[in-house]
Amino acid sequence: MKLHEYQAKQIFTRYGIPVPPGSVVTDLGQVRSAVESLGGGPAILKAQVHAGGRGKAGGIRVVSSVEEAREFASRLLGQKLVTHQSGPDGQRVSALLVEAPSSIAAEIYVGMVIDRGVGLPTLIVCGEGGVEIEEVAARAPEKILREVFDPGLGLQPYQARRVFLRLGLERGLMNDFSRILVALGRLFVAEDCSLAEINPLVVTKEKKVLALDAKINVDDSALGRHPETASWRDLSQEDPREVEASKHDLSYIGLTGNIGCMVNGAGLAMATMDTIKLHGGEPANFLDVGGGATTEKVTAAFKIILADRNVEAILVNIFGGIMRCDVIAEGIIAAVKEISLRVPLVVRLEGTNVERGRRMLEESGLTLVTAVGLADAAQKVVQLARSRRK
């Protein structure tokens, strides 16, 4: 689950990571008091959306007065901001963070993620902060500094100092810099983060070290341990289809293709998408219905897939292990009869009672195509999708 910047900074403050003074506003009437609490200007207004690239998209502005702040807020609040990460539809701006400006002498990128190769949290630091870290990694990978640490011990002060010395910063900043990195390590583990990022961590002209920006992603599976954080979930920033899928315990991720996929099991789902691409098609989604492909789940899955107007054909690929294929076929038949299926449907079943399941589908009277084998299913659904374009 992604947090807004202002929410992440609340957590930063809890762990002793310094941030600029500021407050969040959700309507125009709150802007005056927010700016006046900072001395009436100048102030920085930041759109709160779950996407990077806000500055380039016009979502961040330095204002010099209350009037200028209100004018900027009136153009953003309630509107959609389109950035290079938000997609063409953009994301709605429901809040603005109003902060005091900082006199910046140096900018540093600091982030923490799980290194899947070693299975441990990893600190990532770069002396070029305030830019997309991916750009630096592609252009000058030697500038990316890494420190792997044990989650039980946390990031150690000597590791933070080692990074500090490699950055070549002024020695008098070492203690403040190290404290922030060690605190971020505690936060990352204690809050069950999949990402904790400060971009940039700045050194001001007054020799202070501040987290100018904050990004935190929390592992969805750990939200039960963090009820307050879970209550901060902003559904307006998420794909409505993914929100609906979560209500039915379905794993759904929208993609940009035209072939809808309904599969049980994450590994089989990935293999299905790969095979569709192998045969020249483009998957429209990842959708794992899990081990229990009940009528209710299958019906919900069909509705979510069909909510994507780009879908021109659907492939259902189910392996019946504990769940028998005849039971799965019964669920598919009932679901298709309930919804208005506007696109061709290919069904591939394999596993327990597969022959009976296939026979049920063929005798159902529904307009669908059965397939034997994954390659056969992928070829058929790609051909059907192409035929709709002719």
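**Exercise 1.** Find the handedness of the crossing of helix 10 and helix 11.

*Solution.* Start with the handedness itself: helix 10 and helix 11 cross in a right-handed way (the near helix is turned clockwise from the far one by less than a right angle). Helices here are DSSP runs of H or I with at least four residues, and strands are E runs of at least two, numbered from the N terminus.

Next, take the geometry. The axes of helix 10 (residues 295-306) and helix 11 (residues 325-338) come within 8 Å, crossing at roughly 45 degrees. Axes are lines fitted to C-alpha atoms, for helices over the stretch in contact, with angles from 0 to 180 degrees between N-to-C directions. The two helices are therefore oblique to each other; oblique is what remains after under 35 degrees (roughly parallel), over 145 (roughly antiparallel) and 65 to 115 (roughly perpendicular).

A word on the model: it is predicted, with local features needing pLDDT of at least 70 and side-chain atom pairs counting only at pLDDT 80 or more, while totals for chains, interfaces and linings use all residues. Residues are numbered from 1 along each chain as its sequence is written, and side-chain values use heavy atoms, leaving out hydrogens and water.

**Exercise 2.** Work out the strand order of the open sheet.

*Solution.* First, the four strands run in the order 1-6-2-3 with antiparallel pairing (strands pair if DSSP finds at least two bridges between them). Then look at the edges: strand 1 (22-25) and strand 3 (60-63) each pair on one side only. The twist averages 20 degrees from one strand to the next. Finally, four bridges join strand 2 (residues 43-47) to strand 3, and Ile-44 stands opposite Val-62 in strand 3.
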